Amino acid sequence: MADLECAALILGYLGGCDPDDTLWRIEAPRGAAHEYQARRAICDAVDPAGLRRPVEDVSRHALELRTQLRAAWRPGDI
């Protein structure tokens, strides 16, 4: 459950998500359900060190982690 909570925090599903992030979040994974490369690119864009933090720490740094994710992964990158 902690992994899912961290992902939800980083992606802004638990609040604190600005409109640009919401639009990006809709477009970024488009097609990932059927395209391994898209799934892999999204997963590879996340810094593993950021995910190893306790949930409380991820919560405090969610905006920073979301910014890093957006910089590393943009829709259409593959």
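Is A72 buried, exposed or partly exposed?

First, the conditions. This is a predicted model, in which local features need pLDDT of at least 70 and side-chain atom pairs count only at pLDDT 80 or more, while totals for chains, interfaces and linings use all residues. Residues are numbered from 1 along each chain as its sequence is written, and side-chain values use heavy atoms, with hydrogens and water left out.

Now the method. Rolling a probe the size of a water molecule over the atoms shows where empty space is left. On a 1 Å grid over the protein atoms alone, a cavity is a set of points where a 1.4 Å probe fits but cannot get out. A pocket is an open set with protein on both sides within 12 Å along at least five of seven lines, and lining residues have an atom within 4 Å of a point. Points are joined across faces, edges and corners, and a volume is the space filled by probe spheres set on them.

The cavity count is one at 30 Å³ or more. The largest cavity has a volume of about 50 Å³. Its lining consists of I10, A45, V46, D47, L65, Q68 and L69. Five of these residues are nonpolar, one is polar and one is charged. Here Ala, Val, Leu, Ile, Met, Phe, Trp, Tyr, Cys and Pro count as nonpolar, Asp, Glu, Lys and Arg as charged, and the others, Gly among them, as polar. Helix α6, residues 62–72, gives the most to this lining, with three residues; helices are DSSP runs of H or I, at least four residues, numbered from the N terminus.

Next, the largest pocket, which holds about 290 Å³ of space. Its lining has 16 residues, and A7, L11, I42, V46 and L69 lie nearest its centre. By class there are 14 nonpolar, no polar and two charged residues. Helices α1 (2–11), α2 (19–27) and α3 (36–44) each supply at least two lining residues, and the largest share, five residues, comes from α1.

Back to A72, which lies in helix α6. A72 counts as partly exposed because its relative accessibility is 43%; buried means under 20% relative accessible area, exposed over 50%, and partly exposed in between, with a 1.4 Å probe and protein chains only. A72 and V46 are 26 residues apart along the chain, and their C-alpha atoms are separated by 7.9 Å.

Last, D3, found in helix α1. At 65% relative accessibility, D3 counts as exposed. D3 and D57 are 54 residues apart in sequence and 13 Å apart in space, C-alpha to C-alpha.
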